[in-house]
Amino acid sequence: MDTNFIQKVGQIGVPVKDLERAIHFYKEQLNLPLLFHTDTMAFFECNGLRLLLSLPEKDEFAYASSVIYFQVEQIKNTYEKFRRNGVAFIDEPHLVAKMGQTETWMTFFTDTEGNTHALISEVHAQ
């Protein structure tokens with residue numbers, strides 16, 4: 001096997017301003033398992049992908065992260081549950097693409113640190 005090529009994404013880093021507030025959001029509101037944390041970082045498990053929340057080491061790293069698309073099976077149910085947990089959604093679940101018998105649905109939300117993320121669900125068209 002040629003190991004000179006990227007095999008997968010193993011970790012995504014998300015910059016935060018207030019680590020304790022961010023830990024609470026990702027653990028309690030998004031229900032992600034917290035692996036461990038230090039004074040400046042927290043690591044969460046997301047089905048084989050580590051999500052790293054970190055206080056920026058330098059000012060030039062203190063910007064919003066890329067959008068992370070969290071895949072879910074039932075987007076409407078997850079949306080309602082997370083809304084009840086206090087997650088601030090930008091929109092409601094909506095159809096963004098239909099490819100054959102597959103529909104792609106999304107909804108966007110913000111975390112407590114100003115980062116925008118999304119829930120995404122691919123479902124069989126009715």
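Helix 1 (residues 19–29) lies across strand 1, strand 2, strand 3 (41–46) and strand 4. The helix runs at about 10° to strand 3. Contact here means heavy atoms within 4.5 Å. Axes are lines fitted to C-alpha atoms, for helices over the stretch in contact, and angles run from 0 to 180 degrees between N-to-C directions. Helices (H or I, at least four residues) and strands (E, at least two) are DSSP runs, numbered from the N terminus.

This is a predicted model: local features need pLDDT of at least 70, side-chain atom pairs count only at pLDDT 80 or more, and totals for chains, interfaces and linings use all residues. Residues are numbered from 1 along each chain as its sequence is written, and side-chain values use heavy atoms, leaving out hydrogens and water.

Four strands form an open sheet in the order 1-4-3-2, with mixed pairing. Two strands pair if DSSP finds at least two bridges between them. Strand 1 (11–15) and strand 2 (34–37) are the edge strands, each pairing on one side only. The twist averages 20° from one strand to the next. Strand 1 and strand 4 (residues 49–54) run parallel and are joined by five bridges. Proline 15 has serine 54 as its bridge partner in strand 4.

Now the aromatic rings. Rings of Phe, Tyr and Trp (its six-membered ring) pair if their centres lie within 6.5 Å; planes under 30 degrees apart count as stacked, over 60 as edge-to-face and the rest as tilted. The count is eight aromatic pairs. Phenylalanine 36 and phenylalanine 43 are stacked, because their ring centres lie 4.6 Å apart with planes at 25°. Ring pairs also link Phe25, Tyr26, Phe44, Phe70, Tyr79, Phe89 and Phe109 into a cluster.
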